[in-house]
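Please look over the sequence and the structure shown here before reading the report.

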Amino acid sequence: MHVQKTSEDLFAVRLWLGLVLGMILLMVAVGGITRLTESGLSMVTWEPILGTLPPMNEAQWEFRFDQYKQYPEYRELRPDMTLHEFKFIFFWEYLHRLLGRLLGVVYAFPLAWFWLRGKLPSRLKIPLQIGLLLGGAQGVMGWYMVSSGLVDNPYVSHYRLAAHLGLAFLLFAFLLWILLTTWPKTEDAEPASRSARLWAGGLTGLLVVQIFWGALVAGLNAGFLYNTFPKMQGYWLPPYGAILTPFWINLLDNPATVQFIHRVLGTLLVLGTAMAWMALRRDPTIEGDKRTALHVFVMLMLFQFWLGVFTLVLVVPLTLGVMHQVTACLLLGASVYLLFTFRGSRHA
């Protein structure tokens, strides 16, 4: 039997997707805290079902702590750690995993309910299934990342960390685009000029590259080096920035070079955003939602740049480090909104 989709149905779908997006942002924030407190290797097993419950008594805590003691992080970096200190790092990794499981439930069960009740437009069904697969891949990548620090080296692979964070950002951007397609068409929903769309696409592409290098900075702890700006301890080019061979390895594996590239890309993004603003502010096709999207993108870009500078020079305090990571996700969302409005399409 065909069930008519009503505006109330779409409103419920929007609320659900908005909740999922909010939870992804929360996951990004807690993931940042987990990384900066060096809590990510505290849970040395992956138990998707049994791991939902934390240790409930002292004997269970001792068991978890004994598990942790068998791995390189404890033996090489924290041999004097107490049970009380272990509980702190365990809490953040446990919370991160618990939120991941909860996010899966909040996504999958309403999706099934909307589907079975005939509340989903046909055009949303395949994209929302792709979102479910991306979420599952994100969970698997999280364990794959953690497992890299449980073998010989007590540090997770910065490549796997970049993939883990990148999947979270990709899922956020993908679901935001789906959410935007459910909004009613507005009077100014015609496409922006070709030059405006080229600016938006170019800046978004550069932002994606910058986010990748930011993830490498995080994975290599490169933000704790050369904590001056604009120079790096008095140098314009990073000292020891070319010590690895072949040279191109420095671009991905050398913390000094990776941080330098992140600085350069951030500066290019700000300059590119300023140039786009100057070029588009008098463009007659940039009105209504398009102008709002442009303003939001510009303001978030400036805020993120200076937040990054202060995070660096203050040697990555926890609050600023987490804010920088969350704002990067919001900025990607702003670029999605920019691309969507400049494209000029609404489907609802």
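## The model and its nonpolar core

This is a predicted model, and the values in this report should be read with that in mind. The largest nonpolar core holds 97 residues, and among these Trp16, Phe86, Leu128 and Phe169 touch the most other members. If residues up to four places away in sequence are left aside, Trp16 touches Val106, Tyr107, Pro110, Leu111, Phe114 and Leu128.

## A buried histidine

His164 belongs to helix H6, which covers residues 158–181. Because its relative accessible area is 14%, His164 is classed as buried, the limit for that class being under 20%. Leaving out residues up to four places away in sequence, His164 is in contact with His96, Gln138, Met141, Gly142 and Met145.

## A nonpolar patch on the surface

On the surface, a nonpolar patch is formed by Phe229, Trp306, Phe310, Val313 and Leu314, which together have about 480 Å² of accessible area. One of these patch residues, Phe310, lies in helix H10, made up of residues 289–313. With a relative accessible area of 46%, Phe310 is partly exposed.

Leu19 is located in helix H1, which spans residues 7–36, and its relative accessibility of 46% makes Leu19 partly exposed. Although Leu19 and Leu103 are separated by 84 residues in sequence, their C-alpha atoms are 9.4 Å apart in space.

Note on methods. Residues are numbered from 1 along each chain as its sequence is written. This is a predicted model: local features need pLDDT of at least 70, side-chain atom pairs count only at pLDDT 80 or more; totals for chains, interfaces and linings use all residues. Side-chain values use heavy atoms; hydrogens and water are left out. Helices (H or I, at least four residues) and strands (E, at least two) are DSSP runs, numbered from the N terminus. Buried means under 20% relative accessible area, exposed over 50%, partly exposed in between (1.4 Å probe, protein chains only). Contact means heavy atoms within 4.5 Å. Patches are made of residues with over 30% relative accessible area and no salt bridge: like charges are joined within 9 Å, nonpolar side chains (Val, Leu, Ile, Met, Phe, Trp, Tyr) within 5 Å. Accessible areas come from the Shrake-Rupley method with a 1.4 Å probe; for residues, only the protein chains shown count as cover. A salt bridge is a side-chain nitrogen of Lys or Arg within 4 Å of a carboxyl oxygen of Asp or Glu. A nonpolar core is a set of buried Ala, Val, Leu, Ile, Met, Phe, Trp, Tyr and Cys residues joined through side-chain atoms within 4.5 Å.
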